[in-house]
Amino acid sequence: TEAIGLYNVGQSCCLNSLLQVFLMNIHFTGILRRITVPPYAAQKRRNVPYQMLLLLEEMQSGKQKAVSPIALACCLSVYRVKLFVQHDAAQLFLTLWNLIKRQMKKPQLVEELSDLYTICVQEHLACQKCSSESKRNSSMLTLPLPVLDSSSQVLKTLEDCLQYFFYPEELTDHNMCFCEQCGMKTPFLQRMKLVHLPQTLTIHLKRFCFEKSADIHKLSHYLPFPQDLDFNAVLTENQCQADDNEKAAWKYEIFAVVAHSGSTSCGHYCAYIRSLTECKWYCFNDSEVCQVSWDDVKCTYGHSNLHW
């Protein structure tokens with residue numbers, strides 16, 4: 001029942017934070033416990049879901065305040081997830097999830113994993129000259145929300161970021177698309193509509209910004225997010241492509257925040273996670289774990305000098 005830390009085994013704070021978010025999610029661990037165990041030792045060493053299960057069992061034995069994820073890290077290195085390098089949490093989350101999904105042998109578990117995390121949106125492209133329109137459904141693992149608008153103005157809340165993400169965008173000048181009906185490049189209107197949200201929704205705030213000089217810098221400005229989020233209260237009817245039964249499930253309670261402090265060249269990750277069994281918040285900072293309050297979680301709203 002206790003929250004257990006993970007030792008840093010070589011700039012592994014990003015990996016540790018993501019592992020804690022996965023393993024503190026009882027819906028995910030319910031799937032993980034039903035995987036097919038590989039029959040041979042060599043296969044076990046290379047199987048990501050199995051190594052995650054071993055780590056979970058070691059953490060739940062409750063004998064130490066922190067355990068080492070070195071066996072899992074070595075397993076991931078086979079798939080080019082390196083130690084001693086800085087990772088981006090959103091990219092590493094996608095890499096881990098794809099490895100887990102690909103190595104789960106039971107189709108039912110793969111389907112359950114997809115249902116737990118996968119978002120579905122419908123992309124609309126409409127020619128502004130002849131009004132012809134194309135639609136395409138696509139899946140994504142995270143909602144990648146911009147924190148600046150097209151004029152580089154700061155979006156002030158998470159709700160503002162969501163509304164902006166689903167706001168129509170005019171594709172003009174060098175962004176024009178080829179229209180088959182018109183036989184030429186024309187201005188288009190691009191929009192996305194929300195079709196399906198999963199049980200565990202992952203939102204990625206795009207705080208890393210490319211300048212015209214090709215340099216990357218971090219956007220550390222203050223951006224608050226709520227404890228409860230109802231998409232029906234944030235998005236308009238035109239931004240949704242779902243029936244009432246689907247939209248009734250679009251109400252969320254915050255479960256975890258993976259936070260980064262520092263700059264793009266030098267930084268540190270930790271995770272704030274609410275235990276689904278105890279309903280208490282914890283800060284997971286590698287091997288150090290402590291109980292925190294919602295006010296402590298608010299420090300991840302952002303500022304240039306973030307301290308846990």
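I take a pocket, on a 1 Å grid over the protein atoms alone, as an open set of points where a 1.4 Å probe fits, with protein on both sides within 12 Å along at least five of seven lines; its lining residues have an atom within 4 Å of a point. Grid points are joined across faces, edges and corners, and a volume is the space filled by probe spheres set on the points.

I note that the model is predicted, that local features need pLDDT of at least 70 and side-chain atom pairs pLDDT 80 or more, and that totals for chains, interfaces and linings use all residues. Residues are numbered from 1 along each chain as its sequence is written, and side-chain values use heavy atoms, without hydrogens and water.

**Second largest pocket**

I looked up its volume, which is about 1200 Å³. The lining has 38 residues, and Pro-146, Val-147, Leu-148, Lys-206 and Phe-208 lie nearest the centre. I counted 18 nonpolar residues (Ala, Val, Leu, Ile, Met, Phe, Trp, Tyr, Cys and Pro), seven charged (Asp, Glu, Lys and Arg) and 13 polar (the others, Gly among them). Among the elements that supply at least two residues are helix 1, helix 8 (158–165) and strand 9 (188–196); helices (H or I, at least four residues) and strands (E, at least two) are DSSP runs, numbered from the N terminus.

**Largest pocket**

I found about 1400 Å³ of space in the largest pocket. Of its 48 lining residues, Thr-202, Ile-203, Ala-256, Val-257 and Val-258 are the closest to the centre. Elements giving two or more residues include helix 1 (13–23), helix 6 and strand 15 (256–262). Strand 15 contributes the most, with seven residues. The lining divides into 25 nonpolar, 16 polar and seven charged residues.

**Aromatic pairs**

I paired rings of Phe, Tyr and Trp (its six-membered ring) if their centres lie within 6.5 Å, with planes under 30 degrees apart as stacked, over 60 as edge-to-face and the rest as tilted. The planes of Phe-28 and Tyr-117 stand at 70 degrees with ring centres 6.4 Å apart, so I recorded the pair as edge-to-face. It links distant parts of the chain, 89 residues apart: Phe-28 is in helix 2 (residues 26–32) and Tyr-117 in helix 7 (residues 107–117).

Phe-93 and Tyr-117 also form an edge-to-face pair, at 6.2 Å centre to centre and 70 degrees between the planes. Here Phe-93 in helix 6 (residues 89–103) is 24 residues from Tyr-117 in helix 7.
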